[in-house]
Amino acid sequence: MDGQIPAVQKEMIGTIPVYLVEDHHHALLPWREIRRSLGVAPHVLTLDHHTDTLPAFTHYNEVNGGCHPIHVPVEDALKDLRHDEHFDFAVRNDLIRSATIFSHVNFAIDVNPALTIVHDPPVDELPETLAEYYATVLESDFLTQNLKQAPLPPDVPYILDIDLDCFKGERSVMPEDPTVFRKLVRNAAAVTICRERDWVRLLNLDYGKLQYEFFLEKLFILIRDAIRN
């Protein structure tokens, strides 16, 4: 990062703030702002390809042979955090109360107990099976089933957090039934979106080689429709 604070874009859609950041751990910046505005630590519901639940500063400590202090300002943390360590940092610094991650893969270990991973793998790894599996990420059936496994905590405001690398192929961001997704958007205290352009590019090599711009455009259409209609 070379000492620079990552850029955060913010747009108000109706009464709901929508934040756009580059890498997933940069979401700590809007999460801190949302935490301050709410006055309580919110829950985070994340749609992601990965789980991003490593203990904070795992990579830093392994490389430097030390123990990075956990309670540091977000700007300082971002210099040493990796993109897969931000949930643990956010919980341990009271930026968020807890999080649920709906992920396509799960290799998580040493997960903070405040973090819940929901991962129902496809029945096999055949290309046609994977294409159908990834296409369901915003479908109501998929979201309903996942929410049954890990319901949102009652009476706690939540952030809807979306890493664009959860999308593979056009169908993944053009759901036939977006009813549940629209409800999640409307009821959220805020929405955060992470471009993760490199991961989007790599994970879409077999799904039309789509770039993050395509998914971002379609996602904003869905969000605006959910809030304004």
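**Reading local features in a predicted model**

Phe57 is buried, at a relative accessible area of 0%. The model discussed here is a predicted one.

Me: Where in the chain is Phe57, and what is its phi?

Reply: Most residues other than glycine have a negative phi. Phe57 has a positive value, near 65°, and sits in the loop between β3 and α2 (58-64).

Me: Which way does Asp110 go, buried or exposed?

Reply: Asp110 is exposed, with a relative accessible area of 63%. Asp110 also has a positive phi, about 50°, although it is not a glycine. Its place is the loop between β4 (98-103) and β5 (115-118).

Me: How should I read the burial pattern of a helix?

Reply: Start from the geometry: an α-helix has 3.6 residues a turn, so residues three or four places apart point the same way. In helix α7 (residues 179-187), the buried residues include Val180, Phe181, Leu184 and Val185. They are on the same side of α7, because the arc they cover around the axis is only 140°.

Me: What do the buried residues of α7 pack against?

Reply: Their partners are the strands β2 (16-21), β3 (43-48) and β6 (158-163), together with the helices α6 (140-149) and α9.

Me: Is Thr129 buried or exposed?

Reply: The cut-off matters here: Thr129 counts as buried because its relative accessible area is 19%, and buried means under 20%. Thr129 belongs to helix α5 (residues 127-134). With neighbours within four places in sequence left aside, Thr129 is in contact with Pro122, Val123 and Asp124.

Me: How many disulfides are there?

Reply: A disulfide is a pair of cysteine sulfur atoms within 2.5 Å. By this rule the count is zero. Cys166 is a case to check: the nearest cysteine sulfur, that of Cys194, is 10.0 Å away, and Cys166 is in no disulfide.

Me: How exposed are Cys166 and Cys67?

Reply: Cys166 is buried, with a relative accessible area of 1%, whereas Cys67 counts as exposed at 71% relative accessibility.

Me: Which residues form a nonpolar patch on the surface?

Reply: Trp199, Leu202 and Leu205 do, and together they have about 260 Å² of accessible area. For a nonpolar patch, side chains are joined within 5 Å, and each residue needs over 30% relative accessible area. Leu205 is partly exposed, at 44%. Leu205 lies in the loop between α8 (197-203) and α9 (212-228).

Technical notes:
Residues numbered from 1 in each chain as written. Predicted model: local features only at pLDDT ≥ 70, side-chain atom pairs only at ≥ 80, totals over all residues. Heavy atoms only, no water. Patch = residues over 30% accessible without salt bridge, like charges linked within 9 Å, V, L, I, M, F, W, Y side chains within 5 Å. Areas by Shrake-Rupley, 256 points an atom, 1.4 Å probe, with all protein chains shown as cover. Salt bridge = Lys/Arg side-chain N within 4 Å of Asp/Glu carboxyl O. Helix = DSSP H or I, 4+ residues; strand = E, 2+ residues; numbered from the N terminus. Buried < 20%, exposed > 50% of the residue type's maximum accessible area, 1.4 Å probe, protein only. Arc of directions from axis to C-beta. Contact = heavy atoms within 4.5 Å.
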